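Good morning, and thank you for making time for this.

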Amino acid sequence: MKYIHALSTLLMMVIGVILQGCTSHPSVPQAFTPCDTLPAIYPDYTEVTVPSNIAPLNFMLSDTLFDACVATITTPDGEERTYGEGTKVIIPEDEWNQILTASVGKSMQVVVYAGQDGQWKRYNPFQVHVAKDAVDPYISYRLIQPAYGLYDKMNISQRKLTSFDESVIFNNQVACDQKQGQCINCHSYQNYTTSNMLFHVRVTNGGTVIVSDGQPRKVDLKREGLISAGVYPAWHPTLPLIAFSTDKTHQWFHTSDINKIEVFDDASDLILYDVKNDKVTTICADTTRLEVFPTWSPDGSCLYYCSCTRWEPDSTNSGDYRLDYKSLRYNLYRRTFDSKTLKFGPEEIVYQADSLGRSVSLPRISPDGCFITFAEGDYGYFNIWHKESDVRVLHLPTGTFVDTQEMNTPLYAESYPSFSSNGRWIMCASRRDDGNYSRVYLSYFDGKKAHKAFLLPQADPEHNIIRLLSYNRPEFMTEPVQCTLEDFANAVKK
Amino acid sequence: MLRNRLSLILPFVAFALFACAVLLGYYPDMLYTAQDRNEFFATQEFAQQTLHSPFGLLSYLGCYLTQFFYYPALGVGILLVLWALIYVLGLRLMRFGEAELKVGHAALALLPLACLLASLTEVGYWIYTLPLRGYWFSQTLACLVSMLLLWGAQATPVKYRSLWFVLAVIGLFSFTGWASLLFCLGMVAMQLASKPTDRMPWYQLAGGILITIVWPLCVVRYLVFSDMDFATALKAALPYFENNTSATLHHSYPFMLLALSTLLLFFAHRIKMKAWMLCSAVAVVIVGMTYLFSFKDDNYLAEMRMNRAAMDDDWQSILVEASKTKTPSRTMVLLKNIALMNTGELGSRSFALENSGVEINNPDSLQINSMLIAAPMIYYNYGKVMYAIRWCMENTVGHGFSPYYLKMYVRCALASGERKFMNRYLHMLGKTTFHADWRPRPTTPVIRELQESFSDVIDSDHNNCERYLIENFSLAAGSSSPLVKDLNLFYAMIYRDPKLFWPAFHAFALMSKGANLPLHYQEAYLIMQQNFPAQLPYQVGITQAVSQNYKAFGQTIASLTQQGMSKEEIGAATRDAWHHTYWWYLMYGRTMY
C-alpha cells in the first residue's frame, strides 16, 4: 500500500502540475444575450452557504444544451477571476483558497455565460456565501451500488473536505472469499475521532471490527438470547461503551411505487457493549416494541432512540405485514444513563411522531445538546428509500422545529443527517439527484434554520453523475482513520 | 521469394476465412450480445476501476475493443488483424527462413490462433456473467503481448536476453497478467530449442524463472494489489472462469493448449513432415478443436436474437424466431408470449408456438436462468417496471453496466416517470462508443395499460420471474382492463387450476360479447368443461374444427392408454401431432416453474 501511495502521490503531483499549467482562464464573452434566470448549473451551487475550508465548488452546464461555459467569480475585494473548460468550471485549489479567504463571512458573486455554436447567454449572477464556520476536515461514507439483495464490490472511504482526496478505509475484497462475498457496513466513530471506531463485516469472516485506542480487533456480538449481533451502533461520547440495536430485518419490493423497496424489522432491541470487558448487557428488550437507532447525548447522560409498537395481527389489520407496513411508525424516545452504574433510566418520549402520521429514524444530537436532527417520513424507518423523507431538526429545550425546508427536497428522500463537531453543518444523504443514487449534501445550520444544501464538491463535477455508486452513512470526522487497510484486513481475518 | 511469401500468407488467409465463417456465419448474434453485455465507459473512473487488477490494462483494452462487435464484422476484422500479428510473430519465433524450416511449418503458427478462436466460441452462457472483463479481446491481446516479448528476447543478444524478464515480469505483470507468465514458459522453450551458442547462461534463466514466480506473488500480496484478496487477485491474472456460484477449468483448456502450441513453435524445426501432411494435420486440429470446444445450441443464439428484437419492440421478429423451434428455452417462451401479448395473439397462437420450454443446455456448473438472460426485459414488458429496475440493479452489481442494462434502465425510468434517473443512464450511454445516440422507444400502450391496471403492493419474486408472473396474472381476476383479462385467462390456463380458470374465462367471454373466442381459449373451454364442468349463463361458440380436433385428440389418448402406455410415453408419442394444442400442454406439458 505504501508503494501505491507513493506512486499515486507522485502521479497526482505530476497531474497536478500539468493541470496547473492547463488551468483555463478564458476571456469573458463580449457579445451575449442576457437571460433573466439563474443558470442551471450542476451541482446547484446557486445561493448556497459553504464552509470557509471547503474544496472548490466545481460545476458544469448540460453538455446536451451547451458546448461552452465561462464563469466569472468576483470576491468582496473586487477581484475577478474567470474559469471555463468546455462546459465545466474547474477551479484550481490554490486559487479557490484565495477566493474563500477573501470571501469569509461575506459572499462571492458568480456570473455564468453559456455558449452554444458561438452564441452566448449571460445568466443572472448568483451569490455563494462563505460562512465563518469551518466544517470538519474529513467525512467517511460507504460506497455501494444501490442494489437490493445482491452486492459485489463495496468500500468504506474517507474524503478530505478541504480537497478532493479520497481514500479507502476498508473494502470487501481484501479479506473475503469471492464465492461467499462479504458485506461491510455501519462505520461509526466515538465523538468524531477515529482512535475508537467500528464497522461490521458480514458473511465471510463476519464480526464487528472495533478499534479501541487505535487497535483493531474483531468481536462477535451475537450473544446468547439476542435477536441478532449488534446492528446500528452508537459510541458513548467519552466511555468505551457502544449502544447497538439488534434487529431481525426483512425486505420486500414494490411493484409500482418508485420507492422500490421496503425494509422493516420484525423484532428489535437495544444492547450495550462494554468494549474493555467484552460484555453485552440489554438496554431494552420489550417483545411488544421495536427499538432501533440509538444515539447518545453529547455529555453521555442520555440515550436517544426510535421505537414503535411491534406489529401484531389483530382485527384492525389484514394480518399481513405486506399490506400493513405503512402502519409502523416510530417515535423518538430517550433514557437517562448513569455512567457510574451503567444503568439506564425509564423511557420518556421526546417526539411523538406517530400522532402526526409520521415516523422518525436515525436521530443525532448537536454537540451543544440543544438540537436533535433525524429523518422523518410517513412510515417505517428505511427513509432513504422513502421519497417523502426529510431531515428535520428539533430544538430540544422548547420542543419546536427549526426551519429545514431549504435543505430538503419535496420529491426525493433525505436521510441519515448528522451534525458537524462544531454544530454548524448538517450533512445528509439525499437521493435528489435522480431518486436512486444517494449523494452527500451539506447544509449550513445557524441555530435558526438549515440553509440550502449543497452537493459534496468533486474535482470533476461530472463525477457526481458517472459514479454509479451510492454514498451511504456519511459521517463527520475531525481526523482521518489511523488504521491502515492492512490493519483492518488482519483483524478481519483473525 | 514472392512465392515463398505467398505460401506463408496463404495458411493465415485460409484460417481467416474459416474464422469468419465460424464467427460471422454461426455466432454473429453472440458477438453482438458480447458487446451488449460488455461494460465500457470512456471515463477516468472506469479506467481506474478496470486497471486495478493484475490483468487490468489488457482487460481495459479488451473492454474497449469488445464494443466493436456492435458491428460483428468490424469486431471480427479487428480480431483478425491482431491474429495476423500473432501469426507473423509466431513465424518469427520459429525462426522462419533461417534453416531447416519448410513452408508447411508455417501452418503451426496457426495453432495459437485456433486456441483463441476456440476460447471465443466456447463461452456459452458465461456470456451473461463473464468474470473476466473484456474477455473477447483481452486474451488475444495477452497472447500478442507474450509473443512480442518473446520476439524481442529472441532478437536480443544472448548476454542481454535475461533483461527481458525484468520488463516482462517486473514491468508488465501488473498490467498483463498471464501474458508475462507465458513469456517465461516461452523463454524456457527458447532456451531448450536453441543451439548451445545461442543460449543464455542457465543461472540467468533460473533467475528469470525465480522472478516469474516471486514477483507476481509480491505484487499481489504486498505491493500493487494488497487491497484485494490474495487468491482472487492471483486468479484475476489467469484465464479462469469463476463467479460466486460456479468455477470451471473447462474454459481454461484452450489457454493451456495455447501455451503448448506457443511453446511448440520453438521446436517446429524438429518436426520432419511433408508440407502437405503438416498442413493437413494442422487443418484437422483447427477444425476439430473448433468443433469440440464450440458451444453449439440454437436456443442460446435464438434467445439473443429475441432479446435484441425485444429491445426494438420488434414483435414479428420474435415470433419468426419462436416459430423456428419446437423446443424453445423458458426465456424464449416468455419473450414469445410478450410478443403475442403485443400482437394480440396470445389466445390464438401461444400454444402453437410451444409453452413447455426446455431447460437451458448448460454443459458446466454455471447456474444460469431467465433472471440473468432477460428478466428486466420480461418484467418491463409485463408492466412490472419496479421489478425490471430491481433486476437491472441486481444484475449490474455483478456483471457491469453494459449497454443492455443501461438501455433497460432508461426504458424503465421513462415508463416510471423518473426522468432524472433516465438522464443519468443516457449520460452513461453517451460514454460508450456505439450507443451514445441511442434513445428509448416510447413506452408502449400495452405497458401503460398493465402499469395502470395494478395497484402497488410489496412482495417478492423469490428470484423466479416466470413463476411470479404466472401467479401474478392468474390471480388477477376482476380487472377492467381487456389486456389483463386476456393475461388472466392465459395464465390461469398455464396454471392449470380450474378455480382460477373459470372466473377468468367467464370475464373474458363476457368481454368478447359472443365473438368467436381465440383458438386456445376454445380448446381450454372444451377440456375444462369436460373435466371440471362449470355452469355458464351463455353459449360458448366453439368452431367445428376445434370440436373435431378435440374428439380426435381424446380418441388418440384413449387408444394409447388402452395399449398400456404410461402418461410420459403418451406425452412423448403425441407430442409431434398435438403439441400445438392446449390439451397437450395441459396433460403433458411442463408443470414445474
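This is a predicted model: local features need pLDDT of at least 70, side-chain atom pairs count only at pLDDT 80 or more; totals for chains, interfaces and linings use all residues.

Let me start with a question: which residue in E19(A) does Gln251(A) stand opposite? The residue is Val263(A) in E19(A).

Residues are numbered from 1 along each chain as its sequence is written, chains are lettered from A and ligands numbered from 1 in the order in which they are written, and side-chain values use heavy atoms, with hydrogens and water left out.

On confidence, pLDDT is the predictor's confidence in each residue, from 0 to 100. Chain A has a mean pLDDT of 93, and 94% of its residues reach 70 or more. Residues 1-10 of chain A are another matter: there pLDDT stays under 50. For that stretch the model has nine contacts (heavy atoms within 4.5 Å) beyond four places in sequence.

I now return to the strands. Helices (H or I, at least four residues) and strands (E, at least two) are DSSP runs, numbered from the N terminus; two strands pair if DSSP finds at least two bridges between them. Strand E18 of chain A, residues 241-254, pairs in the antiparallel sense with strand E17, residues 230-235 of chain A, over four bridges. Within that pair, Ala234(A) stands opposite Ala243(A), and the hairpin from E17(A) to E18(A) passes through five residues. E18(A) also pairs with strand E19 of chain A, residues 261-274, again in the antiparallel sense, over 13 bridges. Six residues lie between E18(A) and E19(A) in their hairpin, and Lys260(A) in the turn has a positive phi of about 70°.

What does E18(A) join in chain B? Two bridges link E18(A) to strand E3 of chain B, residues 458-459, and the two run antiparallel. His254(A) has Ile458(B) as its bridge partner in E3(B).

Next, two open sheets in chain A. One has four strands in the order E12-E11-E10-E34, with antiparallel pairing. Strands E12 (166-171) and E34 (470-477) of chain A stand at the edges with a single partner strand each, so one side of each is left without a neighbour in the sheet. From one strand to the next, the twist averages 25°. Strand E11 of chain A, residues 155-160, is joined to E12(A) by five bridges, and the two run antiparallel; Asn155(A) stands opposite Asn171(A) in E12(A).

The other open sheet also has four strands, in the order E30-E31-E32-E33 of chain A, and its pairing is antiparallel. Its edges are E30 (414-419) and E33 (454-455) of chain A; each has a single partner strand, so one side of each is left without a neighbour in the sheet. Strands E31 (residues 425-430) and E32 (residues 439-444) of chain A pair over six bridges, with Ser430(A) opposite Arg439(A) in E32(A).

Two backbone details of chain A deserve mention. Tyr42(A) and Pro43(A) are joined by a cis peptide bond, with omega about -5°, and Pro43(A) is found in the loop between strands E1 (33-35) and E2 (48-50) of chain A. Asp117(A), although not a glycine, has a positive phi of about 55°; this residue is found in the loop between strands E7 (107-116) and E8 (119-123) of chain A.

Finally, a helix pair in chain B. The axes (lines fitted to C-alpha atoms, for helices over the stretch in contact, with angles from 0 to 180 degrees between N-to-C directions) of H5, residues 72-93, and H6, residues 111-121, of chain B come within 10 Å and cross at roughly 150°. That makes H5(B) roughly antiparallel to H6(B), because angles under 35 degrees count as roughly parallel, over 145 as roughly antiparallel, 65 to 115 as roughly perpendicular and the rest as oblique. Leu79(B), Trp83(B), Ile86(B) and Tyr87(B) in H5(B) meet Leu113(B), Leu116(B), Leu117(B) and Leu120(B) in H6(B). By class, this contact of H5(B) with H6(B) has eight nonpolar, no polar and no charged residues, where Ala, Val, Leu, Ile, Met, Phe, Trp, Tyr, Cys and Pro count as nonpolar, Asp, Glu, Lys and Arg as charged, and the others, Gly among them, as polar.
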